[in-house]
Amino acid sequence: MSSESANENCLGYAARDPSGVLSEYKFSRRALGIDDISIKITHCGVCYADVVWARNKHGDSKYPLVPGHEIAGIVKEVGSNVHRFKVGDHIGVGTYVNSCRDCEYCNEGFEVHCAKGSVYTFNGVDVDGTITKGGYSSHIVVHERYCFKIPDNYPLASAAPLLCAGITVYAPMKRHKMNQPGKSLGVIGLGGLGHMAVKFGKAFGLHVTVFSTSVLKKEEALSQLGADKFVVSSDQEQMTALVKSLDFLIDTASGDHPFDPYMALLKTGGTLVLVGFPSEVKFSPASLNLGMKTISGSLTGGTKDTQEMIDFCAAHEIHPMIEIIPIQYATEALERLVKKDVKYRFVIDIENSLK
């Protein structure tokens, strides 16, 4: 069922325990506030964060847990104080749905880094004490500030993965000026994040090299994604040939891997940005100090960068490579994601499968 009123039940899919198995779940969304937007969800991307919290990998999952923080849909209703959106508009919601709106980071549009902590789209504790529930559901109510305009000519299914995977690589690429035509970029890992980094890199006019542990990804990296070069990271000869050749590296790999071999590929003054979550980061001080290199971390992005990225994707016709699935397949999709068996992002067709 779809909800026509905030007081009626919302239909979603939830995990009940650390098995992470998802099944139908009815719950209530909050009543529409004056600054809120009620969104009919049409699509939701499947992110590794969904696996982490559905399966209680961090020990802080609050069940029943409704995952999903790559949300795209259509405005269903707006509060009296909402001015940027109207009923029928295409709209997106990303990884957070609230923040203090008063600290230096919120004031600069970096709400994800809110000094008091941003409220995550699912499994977060909102200001009223309720536990947030994500996009594996028929609708959601969100404060206008944390919603993004999706141009009418940009497919909603494509827009969903931009709200986490896309912004996670776009924000640090912009911050570290990885958008200078003619510069060289290395992308470590070719999954949901990595394939977007390649697409952005090419759109920015960079020379892009993909590093992967699997030679099986070579053809796709070069022919479908448009990378300029492909390197199997375990091949010492290929790696040595690229020493001191790259201006930037963006590391999307979450599996444990050595850092020194990659730091050696950076030119003097080069930057490596880590957006993945390996269990540890180890490198020699010499890898950093010799050649005055920089290593930096990043986590999604603020509202300003997110809207800019969506508009950039629409203007340059950048679309993630997706596999559209019904919500009934979500549990299996999470398992396939763990096994890296997806090219390159699952997107749940909420509108046509959650009924």
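**Burial, salt bridges and a pocket**

Q: Is Asp 89 buried or exposed?
A: Asp 89 counts as buried because its relative accessibility is 13%. Buried means under 20% relative accessible area, exposed over 50%, and partly exposed in between (1.4 Å probe, protein chains only).

Q: What sort of model is this, and how are residues numbered?
A: This is a predicted model, where local features need pLDDT of at least 70 and side-chain atom pairs count only at pLDDT 80 or more, while totals for chains, interfaces and linings use all residues. Residues are numbered from 1 along each chain as its sequence is written, and side-chain values use heavy atoms, with hydrogens and water left out.

Q: Back to Asp 89. Which residue does it form a salt bridge with?
A: Lys 149, with the closest N and O atoms 4.0 Å apart. A salt bridge here is a side-chain nitrogen of Lys or Arg within 4 Å of a carboxyl oxygen of Asp or Glu.

Q: What else is in E9?
A: Phe 148 is in that strand. At 3% relative accessibility, Phe 148 is buried. Its C-alpha atom is 8.6 Å from that of His 90, a residue 58 positions away along the chain.

Q: How many salt bridges are there in the whole structure?
A: A search finds 17. One of them joins the side chains of Glu 111 and Arg 145 at 3.0 Å, N to O. Glu 111 lies in the loop between helix H2 (104-107) and strand E7 (119-120), and Arg 145 in the loop between E8 and E9, 34 residues apart.

Q: Which burial class does each get?
A: Glu 111 counts as buried at 1% relative accessibility. Arg 145, at 24%, counts as partly exposed.

Q: What does Lys 343 pair with?
A: Glu 220, in a salt bridge of 3.1 Å, N to O. Lys 343 lies in the loop between helix H11 (330-338) and strand E17 (345-349), and Glu 220 in helix H6 (218-224), so the pair ties together parts 123 residues apart in sequence. Glu 220 is buried at 14%.

Q: Which residues form a network of salt bridges?
A: Arg 30, Asp 36 and Asp 126 are linked that way.

Q: New topic. How much space lies in the second largest pocket?
A: About 390 Å³. Of its 20 lining residues, the closest to the centre are Arg 30, Asp 126, Thr 130, Thr 132 and Val 141. On a 1 Å grid over the protein atoms alone, a pocket is an open set of points where a 1.4 Å probe fits, with protein on both sides within 12 Å along at least five of seven lines; lining residues have an atom within 4 Å of a point. The volume is the space filled by probe spheres set on the points, which are joined across faces, edges and corners.

Q: Which element gives the largest share of the lining?
A: Strand E8, with four residues.

Note on methods:
Helix = DSSP H or I, 4+ residues; strand = E, 2+ residues; numbered from the N terminus.
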